[in-house]
Amino acid sequence: MTFKIYRFQTSDMDDLLTISEVAERSGVASSALRFYEDKKLIRSVRAGSGHRQYPRHVLRRIAFIVFAQKVGLSLEEIAEEIAKLPEDHTPSGQDWSKLSKRWTERVEEKIAELEKLRSGLTACIGCGCLSLARCKFANPGDRLGNYGHGPLRWLVKSRKKTK
């Protein structure tokens, strides 16, 4: 039995990855990749068989999408930001830097919110009352009662912003 060994020239096809390869390398499920593509956040080309193939630079875009979601951007906001990046090649460090500068305030707000949550956990667990209405530390004089029912301690700041 004889085997033929085929050697392919390096070409653009070598720069294309299958959806499973992109999913494995990015840590993002194939279903999410298809969703991102439906939302025009990433692009693929179709092989003769109809299977999706992605250029290697899509891995950076996916990393950007995942990071932006962790920062708290909505998919609409991410789409606006991605539209500012070059489509045909890997964005440069300068491209990323321009986009990330706009996120600093958002990250700072998120950090402040998390610190507020952490201190709230410590205060509530520390006093042992387990009642926001009666808590002398978190709600002296039931001042939050004026805002109505629910988790208003955390929402009061947000309501003031939206008015």
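What share of the contacts in the protein with a separation of 6 or more comes from residues 24 or more positions apart? It's 50%, with contact meaning heavy atoms within 4.5 Å.

Quick housekeeping. This is a predicted model, so to speak of local features we need pLDDT of at least 70, side-chain atom pairs count only at pLDDT 80 or more, and totals for chains, interfaces and linings use all residues. Residues are numbered from 1 along each chain as its sequence is written, and side-chain values use heavy atoms, with hydrogens and water left out.

Okay, the layout. We've got 7 helices and 3 strands, taken as DSSP runs numbered from the N terminus (helices H or I, at least four residues; strands E, at least two). From the N terminus the order goes β-α-α-β-β-α-α-α-α-α. Of the 163 residues, 26% are buried, that is, under 20% relative accessible area with a 1.4 Å probe, protein chains only.

Now the core. A nonpolar core here is a set of buried Ala, Val, Leu, Ile, Met, Phe, Trp, Tyr and Cys residues joined through side-chain atoms within 4.5 Å. The largest one has 24 residues, and Val22, Leu33, Ile42 and Ile78 touch the most other members. H1, H2, H3, H4 and H5 each put in at least two residues, and H3 gives the most, with 7.

So, H3, residues 58-71. Its buried residues include Val58, Leu59, Phe64, Ile65 and Ala68, and also Arg61.

Last one, isoleucine 78. Skipping neighbours within four places in sequence, isoleucine 78 contacts Leu41, Phe64, Ile65, Ala68, Gln69 and Leu73.

Note on methods. Buried < 20%, exposed > 50% of the residue type's maximum accessible area, 1.4 Å probe, protein only.
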